[in-house]
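Please find below my note on the model.

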Amino acid sequence: MAPATTSSAEARRLIGSRRRTEAPRRMLSPSPPPKKVKSMEEILAKAHYAVVERGDYGDVGCEQCGSGERAEELLLCDKCDKGFHMKCLRPIVVRVPIGTWLCPKCSGQRRVRSFSQRKIIDFFKIKKPNLTEEKCDSPQDTRKRRRRSASLVLQKKRRRLLPFTPSEDRSQRLRQMGSLAHALTALQMEFSDDLTYMPGMAPRSANQAEFEEGGMQVLSKEDTETLEQCRAMCKRGECPPLVVVYDSCEGFTVEADGQIKDMTFIAEYIGDVDFIRNREHDDCDSMMTLLLATDPSKSLVICPDKRGNIARFINGINNYTPEGRKKQNCKCVRYSVNGECRVFLVATRDIAKGERLYYDYNGYEQEYPTHHFV
């Protein structure tokens, strides 16, 4: 039987209905050639770094010492996924890094080696001493020297600052400076023996002692001479008898490498000067108050995160415990020197060789929390 025929109007109605409910068919183009899938080896070879994390890291050990103990000090490289103890790395890593961390091999860092005598002299910019022969002393010079020595005794009775006595052995002084150079390099810091004023931070004109709330004590003429004498000795490579050592609990810390008398000038606290308001959310753990102005917006701090000296590594006490307060053998004092604010560390008692140096981070404001200190 022949199929039933439909009228042209009905046919148009059916076609219109189909067009409204079905997507129009497009002409299929020739299929593109299949893409070549790269292997994982090719991806890893071209990628900056990529790590496939393991399910269990319990068997990870240190690549340097081979031990898997002290897991809290074990760092995992974000590229090779190998483990390294913070103390086994060179330079030593003092605190757990924030964000991505690469081991020395993957980051291309050169290993920090021991500093030679030439490198130490260049690192601290030590000036060569003047070897010109001194003239014979006249009777007037002898009398002046006697009067000067007598005045030093008088200054000690008045609790004046005393200049430090550098180690006589030159090789011992080189070892002391080498320990400081190693610690600064480990923290990627530059050595500086004077306050620095960097662009974008506080200018030198902001460091005026007259802004201090309640006034600031002025460094006497005799103590200013002592300060200049100590600075001159440091430029000649005659440093204080101090050595920087590493402790697994305290990190870098400073020990006396010789006898240090009470009221001896230890070091000036050095770093970049900045406004406190710019450092409110800074995580630097070694900022030092420089100026507490009547106007809080003019208050200044010293930030030794990029530049500094040995004062950066002298640790603070836990002033909440009697045992912590007994450890204190230095104090931090702020003076006005030629109208500028300066911060000095001074011995508060006789310090024996091998004794570590400690001071109270807090001044009279008692704003820095020290209850978590060792």
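1. How far is the sulfur of C65 from the closest cysteine sulfur? The separation is 3.8 Å, and the partner is C62, which is too far for a bond. A disulfide is taken as a pair of cysteine sulfur atoms within 2.5 Å, and by this rule the count is zero.

2. On provenance, this is a predicted model, in which local features need pLDDT of at least 70 and side-chain atom pairs count only at pLDDT 80 or more, while totals for chains, interfaces and linings use all residues. Residues are numbered from 1 along each chain as its sequence is written, and side-chain values use heavy atoms, with hydrogens and water left out.

3. C65 is partly exposed at a relative accessible area of 43%, whereas C341 is buried at 0%. Buried denotes under 20% relative accessible area, exposed over 50%, and partly exposed in between (1.4 Å probe, protein chains only). Of the 374 residues, 38% count as buried.

4. The largest nonpolar core comprises 49 residues, and V244, V254, I266, L290, L300, F313 and L357 have the most contacts inside it. Such a core is a set of buried Ala, Val, Leu, Ile, Met, Phe, Trp, Tyr and Cys residues joined through side-chain atoms within 4.5 Å. Helix 6 (residues 170-186) gives the most to this core, with seven residues; helices are DSSP runs (H or I, at least four residues), numbered from the N terminus. Apart from this core lies another of 13 residues, including L227, M233, V333 and Y335.

5. Leaving aside neighbours within four places in sequence, L300 is in contact (heavy atoms within 4.5 Å) with residues including A202, V273, F275 and L290.

Methods
Helices (H or I, at least four residues) and strands (E, at least two) are DSSP runs, numbered from the N terminus.
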